[in-house]
Amino acid sequence: MKINIYILTGLMASCSIILGVIENFIPTPVPAIRLGLSNVPILIMIYLAGSKYAFQVSFLKALIVPVLSANIIFKMSLSVPATFISFAAMAVIYHYFKNKLSIVTISVIGAVFHMATQLAVVSIFYVKGLVYTNIAGVLLLSATITGVLMGIIAYKIVNHKQIKSMFERLELNH
């Protein structure tokens, strides 16, 4: 049985959005730190369906999660640029180094670019000079750690034989 890629993309976008909303309710020691759970479906799509479909998941996540969360303007001003820049970094690195770098490394790159972009946006528009404070180092370190954790989860899913089998049966409609 063939699976339509658009149905799967919608399902993965839904997963990413739900994980993004759930993540808002997980307490963290520092308010800006998030696990990055909503990035796992994006990583899976980059690896198993391609960047075109992964971008669609990223795009929907970036726009919908802030709408479903409190403080929509602030969250969207951080989410949209950070999601797109981190996605671009992951997609480009994956494209050129897919046989040399692991999904965990790609995840860390995405997490660090995401956090660095958010720090830049906050520093430019909200709190001047934030990038030069100690909090920036803590946030980038946390991004690295959570990037490793989400990369390991994505690795386990991408290498699961039933998941691989499902993606191999995709009907790629262009």
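I began at the N-terminal end of α1, which N4 caps: a side-chain oxygen of N4 lies 2.7 Å from the backbone nitrogen of Y6. I note that the model is a predicted one.

I then checked the length of α1.

Next I looked up burial along α1. The buried residues are I5, L8, T9, M12, A13, S16, I17, G20, V21 and E23. For the spacing I recall that an α-helix has 3.6 residues a turn, so residues three or four places apart point the same way.

I turned to the partner helix. Helix α1 (residues 5-23) packs with helix α3 (residues 51-68) at an angle of about 35 degrees, and the axes are 8 Å apart. I recorded the crossing of the two helices, α1 and α3, as right-handed. On the α1 side, the contact is made by I5, Y6, T9, M12, A13, S16, I17, G20 and V21. On the α3 side, I listed K52, Y53, Q56, V57, L60, K61, I64, V65 and L68. By class, the residues of this contact divide into twelve nonpolar, four polar and two charged.

Last, I examined L60, which is placed in helix α3. Apart from neighbours within four places in sequence, L60 is in contact with A13, I17 and V65. I also took a C-alpha to C-alpha distance: L60 and V158 are 21 Å apart in space and 98 residues apart in sequence.

Technical notes. Residues numbered from 1 in each chain as written. Predicted model: local features only at pLDDT ≥ 70, side-chain atom pairs only at ≥ 80, totals over all residues. Heavy atoms only, no water. Axes fitted to C-alpha atoms, helices over the stretch in contact; angles between N-to-C directions. Helix = DSSP H or I, 4+ residues; strand = E, 2+ residues; numbered from the N terminus. Left-handed = near helix turned anticlockwise from the far one by under 90°. Contact = heavy atoms within 4.5 Å. Nonpolar A, V, L, I, M, F, W, Y, C, P; charged D, E, K, R; others polar. Buried < 20%, exposed > 50% of the residue type's maximum accessible area, 1.4 Å probe, protein only. Polar contact = N/O pair within 3.5 Å; in protein donor to acceptor, adjacent residues only side chain to side chain.
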